Amino acid sequence: MWEVMRSRNSSFKEEDLKKETSPSSASSAVDSRFNQTLRSVHGLLKGRSFPGKILITRRTDPQDDLILRSPDSNRSLSDNDTGSSERVDESSQDGLQNRSNASTTTSFSKMKLSTSNSENASREVQKPTVGARATDSARLMKFTKELSGTTVILDNLRELAWSGVPPYLRPSVWRLLLGYAPPNSDRREGVLRRKRLEYLDCVAQYYDVQDTERTDEEINMLRQIAVDCPRTVPDVSFFQQPEVQKSLERILYIWAIRHPASGYVQGINDLATPFLVVFLSEHLEGSVENWSMADLSPDQISNVEADCYWCLSKLLDGMQDHYTFAQPGIQRLVFKLKELVRRIDEPVSTHMENQGLEFLQFAFRWVNCLLIREIPFHLVTRLWDTYLAEGDALPEFLVYIFASFLLTWSDKLQKLEFQDMVMFLQHLPTNNWSHLELEMVLSQAYMWHTMFKRSPSHLVS
């Protein structure tokens, strides 16, 4: 029997939720992404307890057996890479969607499925792998359909991308989601060509010059970038290649020169790495560990750098105050995170406060690097699918992702004293994380965001 147990936050008032979420408006307010997320979670895990006390069951057929191939590529796509949504077949999905809609109208913290529906769902998920593969194929077809039109409808693309983008489509999807490539396919090639030439002009104007033509501030900034590049993603050997570090250096220096309000700030080097890997994947196959920049032509390297530069610029345009003097944007998000954790999990919040632990001591790096340093690098692009799908709403949603991430270890944290807690939070045990753990963090974050968005009084002291 599927069930979602009560949230740990004892301060949630059911009458507030009922007031905020009336039966007449709730069903329309529960969008497809919420149901899609629930289906994803229900299909992935079994008997596993996570923040919010979610207890769900896992499909019997191993996911590793699911291999998809791109319609126009020889690259094989694992089930994990294609995103975790829609992995149960149609009848199972309908049952879960109907049940989640009905239960949401009464309370988001308490949802139940009937015994008959549970039995049906159990029988459905035990079907052969072919059913799941067909569902994933249908999802790939949705992406292909959206991208093949004359004009891409970005709202539809965001809905699909939120739950993960197939790797071979990720470069195109990310360019569109960030507004770097125009939705109109007739204009797309021309815009990209013009933007890439503009980046080349910037490299010639600002980077390929002697230090005598730079100000002291620019020289110091370039030196700091040159120091940080070898430190970027140190556990992935690809980023230790001199050519890769030189590309990162050019991208970061041009960005800093053209954004004088902030200039270069440590941490931005991490934010460039997902873009570099994704756009290089259009030209290099196999594991990132086996890639070599020597296999690329100068034009290919230049185009990849340009795409990285412009996409990094688009991303940071929405959070520039994270990197200006005193970084007020980061401090604001950390404060919101502290308040949200207090509302969701008062015991762990109280314990951290009693131990004298300030959220800035561990969460500053989370916000500054958007969790890149906290999870295995092979999971980062999947996380960024959701980031980019959120669009302008990303800064607000980040708070919920960080809260979900932190409260994954709620029980553990309550047993630790100050020094051990600091060490634990700075070296979280995520080395063996797979897509399952990441999907759980995202799913919980989405459900909390939905709850608080519809009951804003909960966030008012």
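The following exercises, each with a worked solution, concern a predicted model of a protein chain.

Residues are numbered from 1 along each chain as its sequence is written, and side-chain values use heavy atoms, with hydrogens and water left out. Because the model is predicted, local features need pLDDT of at least 70 and side-chain atom pairs count only at pLDDT 80 or more, while totals for chains, interfaces and linings use all residues.

**Exercise 1. The chain as a whole**

Task: State how many helices and strands the protein chain has, and what percentage of its residues count as buried.

Solution. Helices (H or I, at least four residues) and strands (E, at least two) are DSSP runs, numbered from the N terminus. By this assignment the protein chain has 21 helices and five strands. Next, take buried as under 20% relative accessible area, exposed as over 50% and partly exposed as in between (1.4 Å probe, protein chains only). Of the 461 residues, 56% count as buried. Finally, with contact defined as heavy atoms within 4.5 Å, residues 24 or more positions apart account for 75% of the contacts with a separation of 6 or more.

**Exercise 2. The pair α17 and α18**

Task: Describe how α17 and α18 cross, and determine which residues meet.

Solution. Axes are lines fitted to C-alpha atoms, for helices over the stretch in contact, and angles run from 0 to 180 degrees between N-to-C directions. The axes of α17 (residues 380–390) and α18 (residues 394–407) come within 8 Å, with a crossing angle of roughly 140°. Angles under 35 degrees count as roughly parallel, over 145 as roughly antiparallel, 65 to 115 as roughly perpendicular and the rest as oblique. The two helices are therefore oblique to each other. From α17, the residues Thr386, Tyr387 and Glu390 meet Leu394, Phe397, Leu398 and Ile401 of α18. By class, this contact has five nonpolar, one polar and one charged residues. Here Ala, Val, Leu, Ile, Met, Phe, Trp, Tyr, Cys and Pro count as nonpolar, Asp, Glu, Lys and Arg as charged, and the others, Gly among them, as polar.

**Exercise 3. The surroundings of Arg214**

Task: Locate Arg214, decide whether Arg214 is buried or exposed, and identify the backbone oxygens that its side chain reaches.

Solution. Arg214 occupies the loop between α9 (185–207) and α10 (216–228). Its relative accessible area is 9%, so Arg214 is buried. The side chain of Arg214 reaches the backbone oxygen of Tyr207 at 2.6 Å and that of Tyr206 at 3.4 Å. Leaving aside neighbours within four places in sequence, Arg214 is in contact with Tyr206, Tyr207, Val209, Ile219, Leu222 and Tyr253.

How values were computed: Polar contact = N/O pair within 3.5 Å; in protein donor to acceptor, adjacent residues only side chain to side chain.
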